[in-house]
There are 2 protein chains.
Amino acid sequence: MTIKEVCKRFNVSPDTLRYYERVGVIPEVHRTAGGIRDYSDDDIKWVETATCFRSAGMPIELLIEYVKLFLEGDHTIQARCDLLKEAKERILAERKKFDDALEKMEYKIRVYEKAVETGRLEWDDESSCCCCNKPKE
Amino acid sequence: MTIKEVCKRFNVSPDTLRYYERVGVIPEVHRTAGGIRDYSDDDIKWVETATCFRSAGMPIELLIEYVKLFLEGDHTIQARCDLLKEAKERILAERKKFDDALEKMEYKIRVYEKAVETGRLEWDDESSCCCCNKPKE
DNA sequence: TATTGACTTGGAGTTAACTCCAAGGTGTAT
DNA sequence: ATACACCTTGGAGTTAACTCCAAGTCAATA
């Protein structure tokens with residue numbers, strides 16, 4: 001599979017894929033005799049994992065570490081497992097922050113929608129919502 | 001409340017708070033006669049919202065736009081509501097990516113844990129999991 | 001009142017993760 | 001065989017969001 005096809009499939013740029021390979025986010029990709037990238041099934045799976053983890057905000061350094069351990073062979077299985085568990089905890093913590101923000105947003109949206117309906121903006125004083133401050137004249 | 005206290009409460013640096021104010025992520029903060037920042041309750045609520053939305057990955061530009069609309073007054077209520085709804089959709093989309101990554105991670109963790117137990121690494125061929133490629137010798 | 005430490009500003013520097021570029025090689029359609 | 005589009009590399013440039021710095025001001029303490 002050409003770089004172009006892989007890009008289309010995972011919605012990333014060729015520069016990004018070459019960059020990932022260069023810094024070790026994915027292992028070296030299979031080439032044609034002429035030196036042109038020709039992604040194997042395994043290469044594609046690595047791209048899939050890299051783009052999936054990246055779009056969940058995992059730092060590139062972590063992926064590089066994972067690939068490095070993988071290339072070292074089976075004696076790094078425990079280390080890889082630990083790395084993934086830590087990554088999972090990170091993502092769970094991040095997701096919690098998303099949920100907090102969602103809650104705050106939904107509250108604000110409710111208040112604004114009611115204001116559009118009734119013409120009066122009424123913030124619950126107990127809420128720790130910033131929108132209750134009135135613009136200073 | 002001093003800048004230091006606000007920093008401690010929201011776990012951000014003084015530079016970050018000053019930066020937020022400078023670029024308009026929060027409105028101008030109340031000052032003492034000497035010109036030193038003395039955060040009011042409302043100021044603090046803005047900081048809370050800013051840090052909450054930022055840690056959910058909302059870009060600063062969006063927060064600046066929200067504050068700008070707020071300062072323009074009540075005729076921007078509909079616009080603010082629309083902005084928040086769009087922000088909410090973004091966060092939902094981001095959270096979906098987190099869930100996808102979590103699922104992939106949990107699968108890999110399960111396989112690695114089994115490998116640690118049994119001594120054999122066995123990836124389900126149907127899964128689109130990159131870890132099934134063997135290191136090239 | 002002098003020292004000390006925290007605060008102020010505008011502007012420059014840093015970091016992660018790309019993104020672009022120039023100079024040249026590959027491969028396929030005429 | 002000659003365009004032509006697309007690929008290669010190493011290295012430089014960009015962007016968002018801080019983060020640091022220098023030079024000066026403020027405020028609490030000895």
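Quick housekeeping. This is a predicted model, where local features need pLDDT of at least 70 and side-chain atom pairs count only at pLDDT 80 or more, while totals for chains, interfaces and linings use all residues. Residues are numbered from 1 along each chain as its sequence is written, chains are lettered from A and ligands numbered from 1 in the order written, and side-chain values use heavy atoms, with hydrogens and water left out.

Okay, DNA strand C. How many residues surround DNA strand C? The count is 19, and the closest are A:Asp15, A:Tyr20, A:Arg54, B:Arg18 and B:Arg37. A residue is near the strand if one of its heavy atoms lies within 4 Å of it. Of the atoms of DNA strand C that come within 4 Å of the protein, sugar and phosphate account for 67%.

Now some individual contacts. For polar contacts, think of a pair of N or O atoms within 3.5 Å; within protein, one must be able to donate a hydrogen and the other to accept it, and residues adjacent in sequence count only if both atoms are side-chain atoms. On chain B, the side chain of Arg22 puts an N or O atom 3.0 Å from a base nitrogen of DNA strand C. B:Arg31 goes to a phosphate oxygen instead, with a side-chain N or O atom at 3.2 Å.

Helices here are DSSP runs (H or I, at least four residues), numbered from the N terminus.

On to the two chains. Here 55 residues of chain A are in contact with 54 residues of chain B, contact meaning heavy atoms within 4.5 Å. The buried area between them is about 5,100 Å², with carbon and sulfur atoms giving 71%; that's the accessible area (1.4 Å probe) that two parts lose on being put together, summed over both.

There are also eight salt bridges across this interface, each a side-chain nitrogen of Lys or Arg within 4 Å of a carboxyl oxygen of Asp or Glu. One to look up is B:Lys88 with A:Glu106, at 3.4 Å, N to O. On chain A's side, helices H3 (41-55), H4 (60-72) and H5 (77-118) each give two or more residues, and H5(A) gives the most, with 27 residues.
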